[in-house]
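Dear colleague,

I am passing on the structure below, together with notes on what was found in it. Please read the notes with the coordinates open beside them.

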Amino acid sequence: MIELRNVHKSFGSLEVLKGITASVEKSEVVCIIGPSGSGKSTILRCINGLERYDSGDILVEGARVERDTPSIVTIRTRVSMVFQRFNLFPHRTAIENVVEGPIFVKREPRAEALERGRALLARVGLAEKADAYPAQLSGGQQQRVAIARALAMQPKAILFDEPTSALDPELVGEVLGVMRKLADDGMTMVVVTHEMGFAADVADRVLFIDGGVIVEQGAAKSVLNQPQHARTQDFLRRVLHPL
Amino acid sequence: MEKFLRDATEFLPILLQGVGLTILVTVGSLVLSTILGLVWALMRVSQLRALSLLSGGLINVIRGIPIIVLLFYLYFVMPDFGIALTALQAAILGLGIAYSAYQAENFRAGIEAIDKGQIEAAQTIGMGWWLTMRRVILPQAVRIVLPPYGNIMIMLLKDSSQASTITVAELALQGKLIASSTFKNTSVFTLVALMYLTMSIPLILLVRHFENKANKR
């Protein structure tokens, strides 16, 4: 359902993606791991049209992602995104954040959107926080609202850009728990993460990216437990045994 | 002091007529400059390069011309082109245009202060440029923009006195007329100053209120 073919992308003279070819099937959970600055987030941002890519093709359900054409709106309603820093709208309550897209982009009737929105907040365990403003919520709660906001668009896939990296350690679990439930429900997910435990447990496949290329990919267990490449081995050793 | 109070009771009614026009000019040009300023600011931050450059140029031209020259132009030159404005219309239009440049820069600063992540979040739920502005950016920018906006209101109130140069009989001009016919310069201009100050005080309090609110967040 998401396909990347030989995607290149440079920021100025720095080439961050050097020919990425990958695909994500329906209901698949793919984790992208790799050192910082390796281009992981850029891949997600290109899929969603937040960044332009220089060459190659990115297809979402067969439609080419082109940032500067009206078709990007359709693609964005099919592929939602969850950010490292949550990016909730601070001037709106949790429920207002969730129904913003359905009401103003999808033009759903207000009552219907609100009902669905409340159900989504309940699904991420925040039914009672519907009327709280983001500033009144913990990081973990904010990120769960952000996930509900992404779900409200009824996307075919969700992109997660380091969704737990900005969280205090004790709040990571609640967000990963919600994500695991989504995976169990069959949501297609692409997750950039440093949570190797999550990748091992939930991901169907893992891509290891370094220096703008996919160094290694395969079933989550085999990449994480028996990495073939020296760079992958080195990276995993440093992540799993930082001392 | 007694003499001053006697003069005050005598001149106050005439000066109050001037106050009416001062308020009219101030409010009129405030509304106009706010609307124009918002348009310039939105053009400036739009992704269309031509619009952005046009707006940038326009702002610089407006900023580079003294208000008094702008007023003279509208009132004395435009009739040559077949556009005759009343003094009041010219004053509101001139001050409105002049202040639109400051308004625009203030609005732009407010818009650009909003975290880029907000724009990205709006985009990822399928919002276009205008919807992002209306629902996400502008409501947040308002809080940032309000304190400087209050200052612009105070400046505009005082600069409305420049309308006197094109015969609008607002507070400053009324004062000048009374002073030159009675020679009671001290009483008259003290009164005029006090009346401007009286009108500024509520605005000053409003700015403080805005600032407190902005700081609380």
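B:Arg108 is partly exposed, with a relative accessible area of 21% (buried means under 20% relative accessible area, exposed over 50%, and partly exposed in between, with a 1.4 Å probe and protein chains only). Its side chain meets that of B:Glu112 in a salt bridge at 3.5 Å, N to O, where a salt bridge is a side-chain nitrogen of Lys or Arg within 4 Å of a carboxyl oxygen of Asp or Glu. B:Glu112 counts as partly exposed too, at 44% relative accessibility, and both residues lie in helix H4 (residues 87-112) of chain B, 4 residues apart, about one turn of the helix. Helices (H or I, at least four residues) and strands (E, at least two) are DSSP runs, numbered from the N terminus.

This is a predicted model, in which local features need pLDDT of at least 70 and side-chain atom pairs count only at pLDDT 80 or more, whereas totals for chains, interfaces and linings use all residues. Residues are numbered from 1 along each chain as its sequence is written, chains are lettered from A and ligands numbered from 1 in the order in which they are written, and side-chain values use heavy atoms, with hydrogens and water left out.

Salt bridges that share partners join A:Lys9, A:Arg45, A:Glu51 and B:Glu120 into one network. Within it, A:Arg45 pairs with B:Glu120, the closest N and O atoms being 2.6 Å apart, and with A:Glu51, where the corresponding distance is 3.2 Å. A:Arg45 is buried at a relative accessible area of 15%, and A:Glu51 is likewise buried, at 16%.

A further salt bridge joins the side chains of A:Arg78 and A:Glu61 (3.5 Å, N to O). Because A:Arg78 lies in helix H2 of chain A and A:Glu61 in the loop between strand E4 (55-60) and strand E5 (63-64), the pair ties together parts that are 17 residues apart in sequence.

As for the interface, 23 residues of chain A are in contact (heavy atoms within 4.5 Å) with 18 residues of chain B. The area buried between the two chains, that is, the accessible area (1.4 Å probe) lost on putting them together, summed over both, is about 1800 Å², of which carbon and sulfur atoms give 56%. A:Phe89, A:His91 and A:Phe104 supply 28% of the area that chain A buries against chain B, more than any other three residues.

Best regards
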